[in-house]
Amino acid sequence: AAYAAANAWMAAVVHRRNAAGEVGSVVHWGALSGGMTAGREERLRGTGMRKLGLERAVAAFPAKGEVVIADADWEMFAAGYRARVHTRLFDALCPSR
């Protein structure tokens with residue numbers, strides 16, 4: 001919970017900076033190869049998230065704004081998320097069938 005709260009606070013700071021014409025980026029990283037995903041392959045299996053190489057991740061880094069950088073099967077991820085939480089978050093990306 002503290003990690004999510006810190007991310008939300010940082011996103012708000014960056015949005016405020018961007019609105020003021022200043023530079024700032026917020027990146028919500030997916031599962032990067034190595035680092036926090038090392039040894040957690042079993043936990044990722046079935047979630048729709050795949051490990052993303054650092055070179056690909058850095059190449060996608062924005063100069064400004066807020067993005068998600070992840071290698072994911074969004075249909076699988078959205079289905080799992082929707083099974084736990086009633087949300088329309090993924091409606092545009094992954095319409096229900």
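This is a predicted model: local features need pLDDT of at least 70, side-chain atom pairs count only at pLDDT 80 or more; totals for chains, interfaces and linings use all residues.
Visitor: How many helices and strands does the chain have, and in which order do they run?

Guide: The chain holds four helices and four strands, and, read from the N terminus on, these elements follow the order α-β-α-β-α-β-β-α. The C-alpha atoms fill a box of roughly 40 × 30 × 25 Å when it is taken along the principal axes.

Visitor: How much of the chain counts as buried, and how much accessible surface does the chain have?

Guide: Of the 97 residues, 23% count as buried. The accessible surface of the chain comes to about 7,100 Å², and 59% of that surface belongs to carbon and sulfur atoms.

Visitor: How should I read a salt bridge, and how many are found in the whole structure?

Guide: The term is used when a side-chain nitrogen of Lys or Arg lies within 4 Å of a carboxyl oxygen of Asp or Glu. A search of the whole structure finds five such salt bridges, and one of them brings together the side chains of Asp 71 and Arg 50, at 3.0 Å from N to O. This pair links distant parts of the chain, since Asp 71 is in strand 4 (residues 71-72) while Arg 50 is in strand 2 (residues 49-50), 21 residues apart.

Visitor: Which other residue forms a salt bridge with Asp 71?

Guide: That residue is Arg 56, and the closest N and O atoms of the pair are 3.6 Å apart.

Visitor: Which residue forms a salt bridge with Asp 91?

Guide: Asp 91 forms a salt bridge with Arg 88, with the closest N and O atoms 2.8 Å apart. In this pair Asp 91 is partly exposed, at a relative accessible area of 27%, and Arg 88 counts as exposed, at 67%. Elsewhere, salt bridges that share partners join Arg 50, Arg 56 and Asp 71 into one network.

Visitor: Where is Asn 18, and which atom does its side chain reach?

Guide: Asn 18 is in helix 1 (residues 2-19), and its side chain reaches the backbone oxygen of Gly 24 at 3.3 Å. Asn 18 is buried, with a relative accessible area of 16%. If neighbours within four places in sequence are left aside, Asn 18 is in contact with Val 23, Gly 24, Lys 64 and Gly 65.

Visitor: What separates the C-alpha atoms of His 15 and Ser 25?

Guide: These C-alpha atoms are separated by 8.4 Å, and the two residues are 10 residues apart along the chain. His 15 is found in helix 1 and, at 41% relative accessibility, counts as partly exposed.

Key:
Residues are numbered from 1 along each chain as its sequence is written. Side-chain values use heavy atoms; hydrogens and water are left out. Helices (H or I, at least four residues) and strands (E, at least two) are DSSP runs, numbered from the N terminus. Buried means under 20% relative accessible area, exposed over 50%, partly exposed in between (1.4 Å probe, protein chains only). A polar contact is a pair of N or O atoms within 3.5 Å; within protein, one must be able to donate a hydrogen and the other to accept it, and residues adjacent in sequence count only if both atoms are side-chain atoms. Contact means heavy atoms within 4.5 Å. Accessible areas come from the Shrake-Rupley method with a 1.4 Å probe; for residues, only the protein chains shown count as cover.
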